[in-house]
Amino acid sequence: MEKASKASLSHALDAVRGVLAQPDAVHLVMLLVLLRYEAQQDEARGSRAEHAWAGVQGRGLWTRDGHDVLREILLGLGEWQSRHVELRDLPPVLTDVRGSALEPLVHCVSEAREAATLFEECLEHVQRSAKGGDYYTPAYIADLLSGLVEPCPGERVYDPACGSGGFLLKAEEHMRAQGARPGDAALYGQDFSRTAVETAAINLTVHGVSGSLRGPASSLTEDGFPDSTFDVVLANPPFNQTAWSQQGWERHHTWRYGVPPAGNANFAWAQHVVSKMSPKEAGRAALLLPTAAASTTRPAELRIRAGLIEHDALSCVVELPAGLLPHVRNPVTLWLFNRSKKDRPSWGENDRSGHLLLIDASDTAVKVARGRRVLPVDARDRIEATFAAWRGARGHGPYEDVPGWCRSLAVTEIAAQDYDVLPSRGVGRTEGQVEPGDEREKVGELTRELYGLFGASHRLEDELRDLLDQR
């Protein structure tokens, strides 16, 4: 049935080529999904109010010039907007488009079995066709981060770069698996992109989940929740963001671990995430960062990374394979932060204060299509199990270092290595692990060496930038 849904969406999008640009067509399908969901909710509540979706579906409308269809769409979206989030110009550009030309899209939404499933298909389509640096985090990556921080019923969850709202939905799903009732989750998100905030708002709505969203504005410079902290923070912010600051704003802001460079926001995001964790012992966070952040020697970033480690805020760094995120060809790292690593029920039976776990999962990807790689379920389960065993979680055996996979290091050891926390360098390997003639392993080693050279190139570039900034 899922394949049929994808085929139906593709067919509808093909049918309107030449009438609407594909991004606008997908956008319109998302908005129609919202109207359908709202109508179904009204019907379930026994409301007799005539909903815009009924007007959009009216067959008589297709026999006229079609402007009534556009009017119904705009009225329905305006009604939803007034009750959920302040956003302007919701619809895609529909100038000179006859409403009758939109019939394939309306039919696609009408025939879909579930509104939420069709909306997810739209997000997948955006994922496959997006160009540039804008993309939505794959659902299985969001699931991995949520599984590692384990949001509990009643906790407050925050995503400062919420995109389509995928992290918030996965957190809510994780809570429901533990017995939370619908509406129990307290979800908060913000994004710089108006389209992203809108998409997140619709995504939450069609999944029957409520949340508090802010934007469009950057969480780094215009925090929408300035006086709030959260039990769980999840984020996949823009990597290596250059123009993030505003007229030297970063130098007047209070940064606990050091002023991040104006030309790269990676450690601005890291500090923001840590600052938004609840001051209680249970405060925790998961953040995706480019691999270079784990080993950069650029002075400002090195000082911040050293501060995070010395203050025991960083618990674990996981190196993920290359090609998992659209438009990010290099491997990425997953950073886990905790307000406390002491022995307690929500952490585990081990006191890991003064220690850090490194996991090298860089060789675990599986190719599923041309140019597409995923992290398989067994790799995700192994990452979660390793971190759980390290912190002594119930139901898991004792933790042991595994050469080539994981290693627990004391902060003093990491300090001696210039605070380099790149797992592929720190976990070690056993002798003879790479067998002679094993071409796959040889290619893997050469690939890692090449990525190391890329890292060296980035470090030299950073040092050159520093020299130029001082002029």
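This is a predicted model: local features need pLDDT of at least 70, side-chain atom pairs count only at pLDDT 80 or more; totals for chains, interfaces and linings use all residues.
Me: How many helices and strands does the chain have?
Reply: The chain has 16 helices and 11 strands. Helices (H or I, at least four residues) and strands (E, at least two) are DSSP runs, numbered from the N terminus.

Me: Why is α2 called oblique to α5?
Reply: Two packed helices are described by the angle between their axes and the distance between the axes. The axes of α2 (residues 22–44) and α5 (residues 103–111) come within 10 Å and cross at roughly 45°. Axes are lines fitted to C-alpha atoms, for helices over the stretch in contact, and angles run from 0 to 180 degrees between N-to-C directions. Angles under 35 degrees count as roughly parallel, over 145 as roughly antiparallel, 65 to 115 as roughly perpendicular and the rest as oblique. The angle of roughly 45° therefore makes α2 oblique to α5.

Me: Which residues make the contact of α2 with α5?
Reply: From α2 come Ala25, Leu28, Val29, Leu32, Val33 and Arg36, and from α5 come Leu105, Val106, Val109 and Ser110. Contact means heavy atoms within 4.5 Å. By class there are 8 nonpolar, 1 polar and 1 charged residues. Ala, Val, Leu, Ile, Met, Phe, Trp, Tyr, Cys and Pro count as nonpolar, Asp, Glu, Lys and Arg as charged, and the others, Gly among them, as polar.

Me: Why are α11 and α12 called roughly parallel?
Reply: Helix α11 (residues 266–275) and helix α12 (residues 299–310) pack at about 25°, with their axes 10 Å apart. That angle falls in the range for roughly parallel, so the term applies to α11 and α12. In the contact, Phe267, Ala270, Gln271 and Val274 of α11 meet Glu301, Ile304, Arg305 and Leu308 of α12. These residues divide into 5 nonpolar, 1 polar and 2 charged.

Me: Why is Ser315 called buried?
Reply: Buried means under 20% relative accessible area, exposed over 50%, and partly exposed in between (1.4 Å probe, protein chains only). Ser315 has a relative accessible area of 0%, so Ser315 is buried. This residue lies in strand β6. Its contacts, not counting residues up to four places away in sequence, include Leu336, Phe337, Trp347 and Trp390.

Me: What makes β5 and β6 partners of β7?
Reply: Two strands pair if DSSP finds at least two bridges between them. Strand β5 (residues 284–290) pairs with β7 in the antiparallel sense over 7 bridges. Strand β6 (residues 314–320) also pairs with β7 in the antiparallel sense, over 6 bridges. In β7, Thr333 stands opposite Leu289 and is the bridge partner of Glu319.

How values were computed
Residues are numbered from 1 along each chain as its sequence is written. Side-chain values use heavy atoms; hydrogens and water are left out.
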